[in-house]
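Okay everyone, thanks for coming. Let me put the model up on the screen, and then we'll walk through it together.

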Amino acid sequence: MLITDFQSTVVNTGEAEIYLRYGGQGPPLLLLHGHPQTHMMWHELAPKLAEEYTVVMPDLRGYGDSSKPESADDHSTYSKRAMAKDQIAVMKELGFSRFTVIGHDRGARCAYRLALDFPETVEKLAVMDIIPTGETFRRADKDFAMGYWHWFFLAQPFDFPERVIGENPDNFYFQGTRHLFHPEALAEYWRGIHNPGTIHAMCEDYRAAATIDSELDEADRGSKKITCPVLVLWGEKGALPNWYDVLDVWQDWADDVTGRGIDCGHYLAEEAPEETYEEIRKFLKT
């Protein structure tokens, strides 16, 4: 089964129109992509997972072929809470009230907020190559600021980062990493980042991270934990293990946490699809 064999539809959530692909049969899995990608990042994993599960792959609001709602002064339109509510509506439309969520990068941030805000809906949670947003800002130091400088650049006030990126999006994104992606997937990513509406939405995503998302995390710190089992995966060749004891960080946010590093960089599902799939499958079977 190819990703193009999955059915596609658009779900109106009341605040956004979410484009998605879905297919397979069995317990529902919601797969949430990262920045600046789309649901196409799952093209290696989704066909395998669909042999045993019903796989749902949306484009997050603002990304890909999903709509780009007008931004708010407090950036709440692109908060992970708002994105999580989209996913509740998507899964409800498909007939699922409880499901497992697997997220990478920005999608993982939406995924853990979904588990915190709507614990009754999340059976299991898997996050790839992140720690919670509030933790990143609380622990930020020179190494983080130099390594993930785009967090601070994209969060600058409108419309400075939009104008800089829009001048030459090809030169801004995927420097030194283009070889990691399948040509068809990369073409989809390029299509998105050439859309000024997507560029603005992605900046709003990061503005939300620096404001409302961090505030929500700080409000939950020490008072709310993720109640479902959590799998944490990260790229051993990426920056995360150099900065954090990743599992130790997540153990402050959930009681049932397992995970390990994968022999790759940031893009686990595309750099190391077999190893990533095996870890996810083991987690789903336990």
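Predicted model: local features only at pLDDT ≥ 70, side-chain atom pairs only at ≥ 80, totals over all residues.

Residues are numbered from 1 along each chain as its sequence is written, and side-chain values use heavy atoms, with hydrogens and water left out.

Back to the strands. Strand β1 (residues 7-12) and strand β2 (residues 17-24) pair in the antiparallel sense, over 6 bridges. When I say strand or helix, I mean a DSSP run, numbered from the N terminus: E over at least two residues for strands, H or I over at least four for helices. And two strands pair if DSSP finds at least two bridges between them. β1 and β2 make a hairpin with 4 residues between them, and G14 in that turn has a positive phi of about 100 degrees. β2 has another partner to talk about: β2 and β4 pair in the antiparallel sense over 5 bridges. There, Y22 stands opposite V56 in β4.

Which residues does a cis peptide bond join? One answer is H35 and P36, with omega near -5 degrees. P36 sits in the loop between β3 (28-32) and α1 (45-49). F158 and D159 are joined by a cis bond too, with omega about 5 degrees, and D159 is in the loop between α6 (150-154) and α7 (160-167).

H75 has a phi of about 65 degrees, and you'll find H75 in the loop between β4 (54-58) and α2. Buried or exposed? H75 is buried, with a relative accessible area of 18%. (Buried means under 20% relative accessible area, exposed means over 50%, and partly exposed is in between, using a 1.4 Å probe and protein chains only.) D105 is another case, with phi near 55 degrees. D105 is in the loop between β5 (99-104) and α3, and D105 is buried at 10%.

Next, a helix. In α7, P161, E162 and I165 are buried. Seen down the axis of α7, these buried residues fall within an arc of 100 degrees, so they line one face of the helix; the arc is that of the directions from the helix axis to the C-beta atoms. Here's the general idea: an α-helix has 3.6 residues a turn, so residues three or four places apart point the same way. What do the buried residues of α7 pack against? They pack against α6, α8 (169-172) and α10, where contact means heavy atoms within 4.5 Å.

On a 1 Å grid over the protein atoms alone, a cavity is a set of points where a 1.4 Å probe fits but cannot get out; a pocket is an open set with protein on both sides within 12 Å along at least five of seven lines; and lining residues have an atom within 4 Å of a point. Grid points are joined across faces, edges and corners, and a volume is the space filled by probe spheres set on the points.

The largest pocket holds about 560 Å³. It has 25 lining residues, and the closest to its centre are H150, F174, T177, H266 and Y267. α6 gives the largest share of that lining, 3 residues. By class, the lining has 12 nonpolar, 8 polar and 5 charged residues. (Nonpolar is Ala, Val, Leu, Ile, Met, Phe, Trp, Tyr, Cys and Pro; charged is Asp, Glu, Lys and Arg; the others, Gly among them, are polar.) The second largest pocket is about 200 Å³.

How many cavities of 30 Å³ or more are there? The count comes to 2. The largest cavity is about 40 Å³, and its lining divides into 2 nonpolar, 1 polar and 6 charged residues. Among the residues lining the largest cavity are R109 and D213. R109 also turns up in the lining of the second largest cavity, along with residues including W243 and Y244.
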